[in-house]
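Please find below a short note on the structure, written for someone who has not looked at it before.

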2 protein chains.
Amino acid sequence: MSTSQSATATVQANIPVSLRLSRPAINAQRLNDTLQLSCQWGSTPDGGMNRLALNDDDARVRRWYIEECQKVGCQVTVDAMGNIFAVRPGKNQGPPIAMGSHLDTQPTGGRYDGILGCLAALEVLRACHEAGYLTNHPLAAIVWTNEEGARFIPSMLGSAVWAGVKSLEFGQSRVDEGGVSVREELERHSFLGVRASSHQEIPLKAHFELHIEQGPILDTAAHPVAVVTGVQAFRWFEIKLQGRGSHAGTTPMHLRHNPLTAFCEMALSADQLAIQFGGLATIGRVGSLAAQSTNCILDDIVFHLDIRHHDDDKMDQLEAAVRVSFAQIAEKTLGVRLASWEALTASKGVQFDPLAVDCVRNACKAYPKQEIISGAGHDSVNTSKHCPTAMIFIRCKDGISHHPSEYSTREDIAVGGSVLLDAVCRYDSTV
Amino acid sequence: MSTSQSATATVQANIPVSLRLSRPAINAQRLNDTLQLSCQWGSTPDGGMNRLALNDDDARVRRWYIEECQKVGCQVTVDAMGNIFAVRPGKNQGPPIAMGSHLDTQPTGGRYDGILGCLAALEVLRACHEAGYLTNHPLAAIVWTNEEGARFIPSMLGSAVWAGVKSLEFGQSRVDEGGVSVREELERHSFLGVRASSHQEIPLKAHFELHIEQGPILDTAAHPVAVVTGVQAFRWFEIKLQGRGSHAGTTPMHLRHNPLTAFCEMALSADQLAIQFGGLATIGRVGSLAAQSTNCILDDIVFHLDIRHHDDDKMDQLEAAVRVSFAQIAEKTLGVRLASWEALTASKGVQFDPLAVDCVRNACKAYPKQEIISGAGHDSVNTSKHCPTAMIFIRCKDGISHHPSEYSTREDIAVGGSVLLDAVCRYDSTV
């Protein structure tokens, strides 16, 4: 703990009173150095992160984060899902303008997904503190529990309970592959807060989230930052095709009941329909229930279809078109039938609050215009149900995420932090 | 063992001397009952078989088979690969006319694949014995070791060593998934014969193999039996496509490096080219090296391609056309490359010996004419390198094989047994 203590003390000592700004400013070096420092708990030799929700490393970084927030004058509350609310008082009382994200990672994740948002929030608080700058509304840095859904399914769990999308009982009873529950881990780390995890108990004025894009749009355009106007709706399905396994050598082509033929046509059709409707379609899992063998025509194929659209009506149309197409393909493929079609999960589209988005938009004026609808889910999806919410994306190399090679430059990270600070201050001045 | 002993004793006692035929005849009931009896070692509740090569059940059925052959006057030799040669003397000395197949099965196999050929051979020997019929040449029933290639890769292993296609060292050193070798199992069961596994050491005059078709041609035509004139060439490849895994929600369709897109086009192309060239193409295994996830575009695809043709030149053309097509598809798919193309195994086409085939043809004269080139490999492929070889197919329900529901009627089994006996006797009279 000594490194962080001495770093903060040095910062405070080094700023001459005469140079105290009336408007705070991000310290790019401090933001980047602290982000890398915070990764010491859970870093892997390949440059990535393995910090599953509520494991020992997650507990360590949370305790460190709380201390750093307290050093800049925050009052810290932990709710019954372990969500951390570090509140810096403003001129007035009332719900805080929050900057939230997550500190848990994928098992082979990167150093920026979620971590960026929390560390930028800390930097905003430090910048305000060192400038002696008091916002009108209180400010809050939030760490949401189990956003990734890697250790405990589903993802975005802590914010879902806060938002009332899931019950506390549901959230605390989720278990990992070893049967350990969220509640047990919260208890083990003394993070089982007494405050109810509830938007009514812990209301927010607004929620701003800085995040890496996790996609290739900014990188391809060579732009550093984007205004995020909403989040796509998505639906996951598990589809099974039943054919008839038979010998590869003895079954003439015209007598085969080959589910792979139907599958391939379905996969290509899904791609085309997604493009046609302006959405996305992905098959990320494909396999068989029956054992596969080189010299056997497959008996069955099971696959997962993930479709997305920013517009709920268009999403309905895309799903309907895919269902019609798949039914036609099965119909025309000899001896193959659509055995089952199960809806696994779904999320409606989200349009972020126009005012909050506008604050981000204005904060991005210095940069090339770029507006994105997020293709991935974030805690902001849940907060948007109860308070104005907006997000900021920064570029990540090759659009790679959920991978050790996930990377954003120090410069882009600084841009993101500045935009976050600017957007939050604008919102604070406006409402 | 008591059941089989009493069955044979009953048979001998029940045939009046006056009814002893000068020409032997298959006893349909005995053939079928004995086949079902032999399945007790390895049968599964669903009506199928799980008798992997050289496991305890395989050892039991082998010992039983040897005893049954000895009861009808055979001298039994086991070679260094555990191949069993049960030889019934003829009027003259010299290499025997053999009837061979295999007793090992797939892990979820049927009761007829291989088993039919061995039990029909036993029935031919019993029929000759009970008729007091001496052939000119010795007759032999052969059980070839590890034909299926399910436990030890590759298939047709015992006959391959006998034929000199593989070395004894290679054959004995094959290991199963648990690291246990062929040699260890042979030793464990006392089936490690002292006789060299060699066509020079153990020459055959001819090899006739009765087998289920394992395909739908006879069933579709409603014919019980076919003359098999040869075996298709086949080639197996393992092909890897490298794309780039990325988030299903954040990667626009036009920026994806999706190996699944290329794979689907390749699979459909392989089907079309097979039809165009009059051959067969099958993808029986498909998966990924990188972990699959519902919301991730696949990073890579690995699949197995099995192509077949009865004509070696056409086979070369088919392979060349597939290679060109796959290269073109990879070329036109953004960010996807053909990372590797490995030849796993290959077998040239086989034309069976005209005289042996003609004996089968004549033995089938009573039935609707049907001639087939086998799409599957059999031990007969290996024996054909060193002695005249022919095969007989009988119909199996829906063409299903390698599956518990594999089925041939008692009547068709009797037809097969009669044709085998007739073909062998004709050949014996001719050469």
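The numbered points below concern a predicted model.

1. Symmetry. Chain A can be superposed on chain B by a rotation of 180° with 0.7 Å of shift along its axis, the RMSD being 0.7 Å. This is how a two-fold axis relates copies. Within chain A, the C-alpha nearest the axis belongs to A:Cys264, at 2.3 Å from it.

2. Surfaces in contact. Chain A gives 49 residues to the contact and chain B gives 51 residues. Of the interface residues of chain A, 100% are also interface residues in chain B, so the copies meet through the same surface.

3. Buried area. About 4400 Å² is buried between chain A and chain B, with 64% of it on carbon and sulfur atoms. A:Thr250, A:Met253 and A:Thr294 together supply 15% of the area that chain A buries against chain B, more than any other three residues.

4. Polar and charged contacts across the interface. Between chain A and chain B there are 14 residue pairs in polar contact, counting pairs with both residues at pLDDT 80 or more. The number of salt bridges across this interface is 0.

5. Make-up of the interface. On the side of chain A that touches chain B, the elements giving two or more residues include α9 (259–277), β9 (280–287) and β11 (300–309) of chain A. The largest share, 10 residues, comes from α9(A). Sorted by class, this side of chain A has 22 nonpolar, 18 polar and 9 charged residues.

6. Salt bridges overall. Over all chains, 48 salt bridges are found in the whole structure. One of them pairs A:Arg195 with A:Glu201, with the closest N and O atoms 3.8 Å apart. A:Arg195 is partly exposed at 31% relative accessibility, and A:Glu201 is partly exposed at 43%.

7. A helix–strand pair. A:Arg361 and A:Glu371 form a salt bridge, their closest N and O atoms being 2.7 Å apart. A:Arg361 is in helix α11 and A:Glu371 in strand β14 of chain A, so the bridge ties together parts 10 residues apart in sequence. Relative accessible area is 29% for A:Arg361, which is partly exposed; A:Glu371 is also partly exposed, at 32%.

8. A helix–helix pair. In chain B, B:Lys332 forms a salt bridge with B:Glu265, the closest N and O atoms being 2.7 Å apart. This pair links distant parts of the chain, helix α10 and helix α9, with the two residues 67 residues apart. B:Lys332 is exposed at 56% relative accessibility, whereas B:Glu265 is partly exposed at 23%.

How values were computed. Residues are numbered from 1 along each chain as its sequence is written. Chains are lettered from A and ligands numbered from 1 in the order in which they are written. This is a predicted model: local features need pLDDT of at least 70, side-chain atom pairs count only at pLDDT 80 or more; totals for chains, interfaces and linings use all residues. Side-chain values use heavy atoms; hydrogens and water are left out. Copies are superposed by least squares on the C-alpha atoms of residues with pLDDT of at least 70 in both. Contact means heavy atoms within 4.5 Å. Buried area is the accessible area (1.4 Å probe) that two parts lose on being put together, summed over both. A salt bridge is a side-chain nitrogen of Lys or Arg within 4 Å of a carboxyl oxygen of Asp or Glu. A polar contact is a pair of N or O atoms within 3.5 Å; within protein, one must be able to donate a hydrogen and the other to accept it, and residues adjacent in sequence count only if both atoms are side-chain atoms. Helices (H or I, at least four residues) and strands (E, at least two) are DSSP runs, numbered from the N terminus. Ala, Val, Leu, Ile, Met, Phe, Trp, Tyr, Cys and Pro count as nonpolar, Asp, Glu, Lys and Arg as charged, and the others, Gly among them, as polar. Buried means under 20% relative accessible area, exposed over 50%, partly exposed in between (1.4 Å probe, protein chains only).
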